[in-house]
Amino acid sequence: MMDSREEVLALTKQLVAIQSIVKTEGEKVMAHSLYTLLSSFPYFTDNPSQVTIEQTTNDELERYNVLAFVKGTKCESHRTVILMGHMDTVGVDDFNQLHDYAFMPDEWMEHLQKEDIPTSVSEQLQSGDWLFGRGALDMKSGLASHLYLLKYYAAHPEELEGNLVFVAECDEEDGSHGILSALKTLKSWKETHHFDYVAAVNSDFVSPRSEGDEKRYIYKGAAGKLLPSFLITGAETHVGDAFDGLDPNFIAAELTRQISYNPELCNEALGEITTPPVSLKQTDLKPSYTVQTALSAYVYYNFFIHSWSPKEVLEKLKGQAHIAFTNALDTFAEKYRAFCEISRQPYKTIPWQPRVFLYEEMEELLIEAHGDPFIRHMDDFKQSLLHDDSLDTRMFAARVVEEAWAWMEDKSPAIILFYSSLYSPRIELTGKTEDERHLIDALDFAVKSVQPLYERPIAVRNFFPYISDASFIALSDDDAGIEAIENNNPGWGTKHYVQYQDIRDINVPVINIGPYGMDAHKRLERVEMTYSFEMVPNLTNLVIKGVLGK
């Protein structure tokens, strides 16, 4: 067992002290501080070309990744393990006037001694085995574990069979510009140094999966995340003549009732199941108050996947949208009929039918109807939207769909389905390749070796259940799945673009061995030190040895 606790603790505190909140100047400060630290290691003083700080690409902000590698001298081998983790954190609004304490674990824990906090949290605080602070869990302690191992092998390359690559990326908490930019460097090193990437270890945090759960989880692979989005058009009317039109908010409400929390939309694979989709935004697109119903509404949902492709998700959700539209019209007709009875007005058959389009289907119809003028107009429109800094990728996509809809000749109510944000690819690690089998065997051996030294059960599961940058170094989707993303994201190529081929070119099997703790992204964020500072580095080290020394 490596005696890692005190050094990983010191590194964690050092990293937490740097306020690297995503989308702030702190991300840049964090990267430069980490680069300075690595450059001070004697190994990198002697080999300065093996540590680099690189600005992200296709990014609206100036921020950086830090990458380094150690070449082992125990034997000649191109086999290479990637250690990866993100440097950024979420904000500290939850700390209110105490926000400075968020970055000072010792002072924060001393302050918490005086606060009325839950008994279970107080017991952890008093135990001396928990470290509190923003980023202590998510995920600077995981990054510190990787740093510890990088520093060790930089000092002892004679113990390393093969090579170790370290990636500290920015922007995991928002748009993953960090890891997507780092892929270029990883590809370059692969060609220049003939690295054979055989495994990757991410160090994102793990937590209990339910109340009373004592397991410390290690994950093979990762869940994928999509953001299916719907623009709903209605038939505008004055509110005094409510049944003369169709409110898109009414359809949106039925759509959310159909999709949110729907267990039919949970994806089961390898005996594990995703959480169901849930709405992350629901709004109409009226710019200001009027006494007319809205022309359109917009809603999008978080959607996790294990084995479904983005194409399959679109197919399933198109069916769900048709059901919701049908139900909305049936309910509308029922309410209209009841109103006519009590108001003694004649009932008129409603003129609308359910219509659901994928964005690419609508676009094909419009190109067929209008040709080049439509294409040129939409290209110019997208370019003009790029100057509006208030639009994130999601609202940018909605505005593009809205503009395209204006060209439709038949403007009776419809639902248009598309993707409006980054797709974090799903990763299945099943042993289908030799590298996957070696990694699974090494992980099994590591857990078997470390478990007797730790009192809580260490359990291995198949899918990391949260968003993770690990999604961007392997790709389980085929070309049709990726094309569904490209063809159905209205901002693709302008506001949003991902070079998925870069991921396919790396395509290294990945696992997550990360720190254990609770309340990530919350005021009482905390990490358990015995597991995180002792077991995690040793588990990771045994995996490195097992994979490189196969």
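This is a predicted model: local features need pLDDT of at least 70, side-chain atom pairs count only at pLDDT 80 or more; totals for chains, interfaces and linings use all residues.

Residues are numbered from 1 along each chain as its sequence is written, and side-chain values use heavy atoms, with hydrogens and water left out.

**Stop 1: strand S6**

Select 196-202, which is strand S6. Strands here are DSSP E runs of at least two residues, helices are H or I runs of at least four, and both are numbered from the N terminus. (Buried is under 20% relative accessible area, exposed over 50%, partly exposed in between, with a 1.4 Å probe and protein chains only.)

Pick Val81 and you'll find Ala199 of S6 opposite. Next, show 510-512, strand S17, which is parallel to S6 and joined to it by three bridges. Here Val201 stands opposite Ile511. For pairing, DSSP must find at least two bridges between two strands.

**Stop 2: a three-stranded sheet**

Bring up S4, S19 and S18, which make an open antiparallel sheet in the order S4-S19-S18. S4 (130-132) and S18 (517-518) are the edge strands, each with a single partner, so one side of each has no neighbour in the sheet. Zoom in on S18 and S19 (residues 526-528), joined by two bridges. Which residue of S19 is the bridge partner of Gly517? That's Val527.

**Stop 3: a nonpolar patch**

Switch to a surface view and select Val239, Tyr289 and Val291, which make a nonpolar patch of about 340 Å². Patch residues have over 30% relative accessible area and no salt bridge; like charges are joined within 9 Å, and nonpolar side chains (Val, Leu, Ile, Met, Phe, Trp, Tyr) within 5 Å. A salt bridge is a side-chain nitrogen of Lys or Arg within 4 Å of a carboxyl oxygen of Asp or Glu. Val291 sits in the loop between S12 (278-284) and S13 (296-305), and is partly exposed at 36%.

**Stop 4: a negative patch**

Finally, select Glu312, Glu315, Asp478, Glu483 and Glu486, which form a negative surface patch. Helices H9 (310-343) and H14 (479-487) each supply at least two of its residues. Glu312 is in H9 and is partly exposed, with 33% relative accessible area.

Conventions:
Accessible areas come from the Shrake-Rupley method with a 1.4 Å probe; for residues, only the protein chains shown count as cover. Lys and Arg count as positive and Asp and Glu as negative; His and the chain ends are not counted. The place of a charge is taken as NZ of Lys, CZ of Arg, CG of Asp or CD of Glu.
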